[in-house]
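Subject: Two-chain model, handover and notes

Hello,

Here is the structure for your files. My notes follow below it.

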Amino acid sequence: MTCEELLRALNEVIDDQSALALYHEFADHLAGCNPCHLVIDNIRKTIQLYKAGEPYLMPDGFQDRFRDALRAKWKAKFPDATT
Amino acid sequence: MDPTTRSPPGDTTAADDLALLRLAQTGDFAAFEGLVGRLQGRVYGVAYRILGQAQDAEDVVQQTFLSLIEHIDTFRGESAVATWVLRIATNFALKILRKKRGLPTVPFDEQDESFDTLPHPDYIAQWREAPDSLVERAELRELLDRAIAELDDKYRVVFVLRDIEELSTEETADALGLSISNVKVRLLRARMQLRERLTRELGDEATRVQPDHTH
């Protein structure tokens with residue numbers, strides 16, 4: 001396997017934890033190619049950072065307007081329901 | 001509804017969401033509000049990352065949940081409730097994006113993309129710090145926001161749905177009207193570009209290695 005071939009298969013290597021065990025050519029290539037090893041490590045950390053970030057909080061001022069809009073729509077959809 | 005309520009993906013179990021939705025379908029507004037509280041943060045996050053603007057993201061949140069009320073009877077349980085809601089939100093976000101770009105349909109339409117022309121990694125190095133310690137840094141959010149905003153729209157949307165919201169490749173393809181093959185290519189391009197950008201900022205120059213394309 002070449003670096004080029006590994007590049008095309010990166011999604012599988014990153015998404016499937018068993019890929020390295022299943023496909024010996026991945027593991028064999030990575031064992032002898034530090035640049036590819038680092039690229040995969042960088043991508044995994046990139047994804048980890050985006051997943052780990054603090055959630056975006058909706059502005060407080062929006063909440064009241066949002067809730068009022070939902071209530072009005074709900075009353076139109078379910079006229080007999082209490083909100 | 002608590003303004004700061006935001007259940008992380010791991011806390012929003014599909015069974016709980018479905019139970020609330022079923023109650024809401026009978027006219028139970030409290031159950032609907034519970035569902036909104038569990039999902040609004042994810043919807044806002046998806047919209048903000050796609051659109052990069054708070055006002056537009058608020059519009060997406062409101063449109064999404066109003067649409068959910070309108071079509072609440074139509075949920076057939078073919079996907080998780082959260083996936084269904086995120087798909088609705090993504091469609092609203094894409095509409096806004098197209099309008100802002102002055103485009104009728106592109107850039108999300110199906111266009112065959114190939115693995116053949118992938119950009120090669122250039123700056124390759126170990127990162128100076130582990131992600132666990134990086135997330136503590138106040139300036140990280142700005143870096144992540146800038147890097148994702150620099151992605152082409154069609155790559156950013158796929159990355160948000162697949163890697164941040166953890167939709168499957170099939171769910172992402174369905175939400176965006178793309179083939180599975182194109183989702184995979186676009187995801188890889190997004191990952192490669194973000195890796196390059198972040199590694200230039202966070203990489204340890206002393207560990208930098210040159211790419212070796214000879215083997």
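Where in α2(B) is the kink centred, and what is its angle? The kink is centred on B:L39 and amounts to about 45°; the bend at a residue is the angle between axes fitted to the seven residues ending there and the seven starting there. Helices (H or I, at least four residues) and strands (E, at least two) are DSSP runs, numbered from the N terminus.

Residues are numbered from 1 along each chain as its sequence is written, and chains are lettered from A and ligands numbered from 1 in the order in which they are written. This is a predicted model, in which local features need pLDDT of at least 70 and side-chain atom pairs count only at pLDDT 80 or more, while totals for chains, interfaces and linings use all residues.

Confidence
The model has an ipTM of 0.89 and a pTM of 0.88. For chain B the average pLDDT (the predictor's confidence in each residue, from 0 to 100) is 88, and 88% of the residues score at least 70. Among the elements of chain B, the highest mean pLDDT, 97, belongs to helix α3 (residues 54–70), and the lowest, 92, to α8(B). Residues 1–11 of chain B have pLDDT below 50, although this stretch makes 22 contacts in the model beyond near neighbours in sequence. Where pLDDT is low, the predicted coordinates should not be read in detail. A contact is a pair of residues whose C-beta atoms, placed from the backbone, lie within 7 Å.

Chain A
Chain A contains six helices and zero strands. Its radius of gyration, taken over C-alpha atoms, is 24 Å, whereas a compact globule of 83 residues would be near 12 Å. The globule rule is 2.2 Å times the number of residues to the power 0.38. The C-alpha trace of chain A spans about 70 × 25 × 20 Å along its principal axes. Of the 83 residues, 22% count as buried; buried means 20 or more other C-beta atoms within 10 Å of the residue's own, exposed means 12 or fewer, and partly exposed lies in between, with C-beta atoms placed from the backbone.

The A–B interface
Chain A brings 42 residues to the contact and chain B 48. On the side of chain A that touches chain B, two or more residues come from each of α1 (3–8), α2 (10–15), α5 (34–52) and α6 (60–77) of chain A. α5(A) gives the most, with 14 residues. By class, that side of chain A has 24 nonpolar, nine polar and nine charged residues. Here Ala, Val, Leu, Ile, Met, Phe, Trp, Tyr, Cys and Pro count as nonpolar, Asp, Glu, Lys and Arg as charged, and the others, Gly among them, as polar.

Chain B
Chain B divides into domain 1 (9–101) and domain 2 (115–207), with bounds from an automatic or database domain assignment. The C-alpha centres of the two domains of chain B are 24 Å apart. Twelve residues of domain 1 touch 13 residues of domain 2. On the domain 1 side, α2 (29–51) and α4 (81–101) of chain B each supply at least two residues, and α4(B) gives the most, with five.

In α2(B), 18 of the 23 residues are buried. B:G52 follows α2(B) and has a positive phi, near 70°. B:E170 sits in helix α8 (residues 169–176) of chain B. B:E170 is exposed because 11 other C-beta atoms lie within 10 Å. The C-alpha atoms of B:E170 and B:K184 are separated by 10.0 Å.

Regards

Methods:
Contact = placed C-beta atoms within 7 Å.
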